[in-house]
Amino acid sequence: MKLHYGTGSCSLLVHMVLEELGLSFEAVKVDLAAGAQRTPAYLAVNAKGTVPALVTPEGTLTECLAIVEWLLDRHGDGTLLAAPGTWARARTMERLATLATEVHPVFNRFFHAEDFAPDAATQAAVKAHAAEKLCRWFAAEDAALAGPWWSGGPAPTVADLHFAVIARWGRWLAPPATRLPRIEPFLNRLAARPAVARALAREGITLFS
Ligand SMILES: N[C@@H](CCC(=O)N[C@@H](CS)C(=O)NCC(=O)O)C(=O)O
């Protein structure tokens, strides 16, 4: 398999899952800052011009949640993602959906305000409003983080991996989400997992930088 990823982007979730599952794959960096996602070569891989894209023997799959669900159902042991139809599965999907459809779009407003408003003043307002919403959300999640893992169980799930990717983006907020009292030790626990460390090292990043 071949993973097309952007450094530290949402594709980091797929990168971590591939490593957690011990699968063999080639990691291909798409330089998002340089616009490599809009080149004809990459658009031939993923016409949406986004990462991740996972090229598999069965075809190319896009969208983080579709990719990790497919990988974990096919290769997982039920730890990171419980079996379909179970309550545990539904609760993990609930967390993943919140991150992908509620929180990620607010980060789009924070990082790419120019996509949401035509003039500089409105863009600044969009960014500030997004920052406020994100700070409130991270503060509430930090306060609710009672055990070792964000998903609430005794072992991490794929939702914890996703939360770590999103919390890492929150390092640009004030206060940084990565430094909140319960989120920081959570990120350290996750970073200590050899599979997570391998994915981060390959991308040349940490969960804090
Ligand atoms: N819904 C998609 C979102 C994909 C996405 O927006 N990826 C971003 C990185 S986090 C990207 O490729 N951005 C480059 C661009 O839009 O130009 C998923 O979950 O895979």
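This is a predicted model: local features need pLDDT of at least 70, side-chain atom pairs count only at pLDDT 80 or more; totals for chains, interfaces and linings use all residues.
The protein holds 8 helices and 4 strands. Along the sequence these elements come in the pattern β-α-β-α-β-β-α-α-α-α-α-α. The radius of gyration is 17 Å, close to the 17 Å that the globule rule gives for 209 residues, so the protein is as compact as a globular protein of that length. Along the principal axes, the C-alpha atoms fill a box of roughly 50 × 45 × 30 Å. Of the 209 residues, 35% count as buried. Among contacts with a separation of 6 or more, 57% are between residues 24 or more positions apart.

The domain assignment divides the protein into domain 1 (2-75) and domain 2 (87-193). Taken over C-alpha atoms, the centres of domain 1 and domain 2 are 21 Å apart. Where the domains touch, 10 residues of domain 1 are in contact with 8 residues of domain 2. On the domain 1 side, the elements that give two or more residues are α1 (11-20) and α3 (64-75). That side of domain 1 is made up of 9 nonpolar residues, 1 polar residue and no charged residues.

Beyond its neighbours within four places in sequence, Val-14 is in contact with Leu-3, Pro-52, Leu-54, Cys-64, Ile-67 and Val-68.

Two of these contacts of Val-14, Pro-52 and Cys-64, are also listed among the residues around the ligand. By class, the shell around the ligand has 6 nonpolar, 5 polar and 1 charged residues.

Two further residues can be looked at one by one. Ala-199 sits in helix α8 (residues 194-203). With 23 other C-beta atoms within 10 Å, Ala-199 passes the cut-off of 20 or more and therefore counts as buried. Apart from neighbours within four places in sequence, the contacts of Ala-199 are Leu-12, His-15, Met-16 and Glu-19. Glu-19 is 180 residues from Ala-199 in sequence, yet their C-alpha atoms are 6.6 Å apart in space.

Arg-171 lies in the loop between α6 and α7 (183-191). Here 16 other C-beta atoms lie within 10 Å, a count between the limits of 12 and 20, so Arg-171 is partly exposed. Not counting residues up to four places away in sequence, Arg-171 touches Pro-176, Ala-177, Thr-178 and Phe-208. Ala-53 is 118 residues from Arg-171 along the chain, and the C-alpha atoms of the two are separated by 25 Å.

How values were computed
Residues are numbered from 1 along each chain as its sequence is written. Two residues are in contact if their C-beta atoms, placed from the backbone, lie within 7 Å. A residue is near a molecule or strand if its C-beta atom, placed from the backbone, lies within 6 Å of it. Ala, Val, Leu, Ile, Met, Phe, Trp, Tyr, Cys and Pro count as nonpolar, Asp, Glu, Lys and Arg as charged, and the others, Gly among them, as polar. Domain bounds come from an automatic or database domain assignment. The radius of gyration is taken over C-alpha atoms; the globule rule is 2.2 Å times the number of residues to the power 0.38.
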